[in-house]
Amino acid sequence: TYTFTITQPLGEASLLLTWHRRVEGVTAQLPTGQAVWAPMPRLADFDLRLIRLEEDGTNLRTVAFSSSSIDNVEHVYLPALEPGRYVIEVRRQSDGHDEAWDYALAWRFEKAQ
């Protein structure tokens with residue numbers, strides 16, 4: 001989780017989460033005797049959520065959520081963001097892969113017009 005506070009109204013807000021697909025392969029032997037590489041891709045399953053906190057830190061409210069089990073990117077876009085305390089939550093879903101998986105998180109906030 002990543003917590004931040006906004007003290008004035010903002011314009012557009014964009015949050016982007018991405019991670020690599022892992023491709024490993026095995027060598028298969030064709031009936032002709034020729035060896036070929038057979039790719040075996042694996043993909044973790046992350047979700048991205050923007051949560052608004054009340055001033056006392058309670059009453060979590062999901063503002064926006066991105067969840068796709070087939071892509072390696074999650075995107076949250078809001079046309080405006082009000083002042084307050086927020087949490088960006090990155091959560092990995094059960095995806096059948098037990099190894100650690102790196103991700104990249106980026107965000108952009110515009111000043112209100």
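Visitor: How many helices and how many strands does the chain have?
Guide: Helices (H or I, at least four residues) and strands (E, at least two) are DSSP runs, numbered from the N terminus. This is a predicted model in which local features need pLDDT of at least 70 and side-chain atom pairs count only at pLDDT 80 or more, while totals for chains, interfaces and linings use all residues. Residues are numbered from 1 along each chain as its sequence is written, and side-chain values use heavy atoms, with hydrogens and water left out. Along the sequence the pattern reads β-β-β-β-β-β-β-β-β, and the count is zero helices and nine strands.

Visitor: What is the radius of gyration of the chain?
Guide: This radius is taken over C-alpha atoms, and the globule rule is 2.2 Å times the number of residues to the power 0.38. For 113 residues the rule gives 13 Å, and the chain is well over that value, so it is more spread out than a compact globule. Its C-alpha atoms fill a box of roughly 70 × 30 × 15 Å along the principal axes. The radius of gyration is 20 Å.

Visitor: What percentage of contacts between residues at least 6 apart in sequence join residues at least 24 apart?
Guide: Contact means heavy atoms within 4.5 Å. For the chain, the percentage is 69%.

Visitor: Is Asp45 buried or exposed?
Guide: Asp45 is placed in the loop between β4 and β5. Apart from neighbours within four places in sequence, Asp45 is in contact with Ser68, Ser69, Arg91, Arg92, Gln93 and Asp95. Its relative accessible area is 13%, so Asp45 counts as buried.

Visitor: Is Pro79 buried or exposed?
Guide: Pro79 has its place in the loop between β7 and β8. Not counting residues up to four places away in sequence, Pro79 touches Gly11 and Glu12. Because its relative accessibility is 58%, Pro79 counts as exposed.

Visitor: What distance separates the C-alpha atoms of Tyr103 and Leu17?
Guide: Tyr103 is found in the loop between β8 and β9 (104-111), and its relative accessible area of 33% makes it partly exposed. Leaving aside neighbours within four places in sequence, the contacts of Tyr103 are Tyr2, Leu17, Thr18, Trp19, Phe46 and Val90. Although Tyr103 and Leu17 are 86 residues apart along the chain, their C-alpha atoms are separated by 7.0 Å.

Visitor: In which strand does Pro39 lie?
Guide: Beyond its neighbours within four places in sequence, Pro39 is in contact with Val23, Glu24 and Gly25. The C-alpha atoms of Pro39 and Arg22, 17 residues apart along the chain, are separated by 9.9 Å. Pro39 belongs to residues 35-42, which form strand β4.

Terms used:
Buried < 20%, exposed > 50% of the residue type's maximum accessible area, 1.4 Å probe, protein only.
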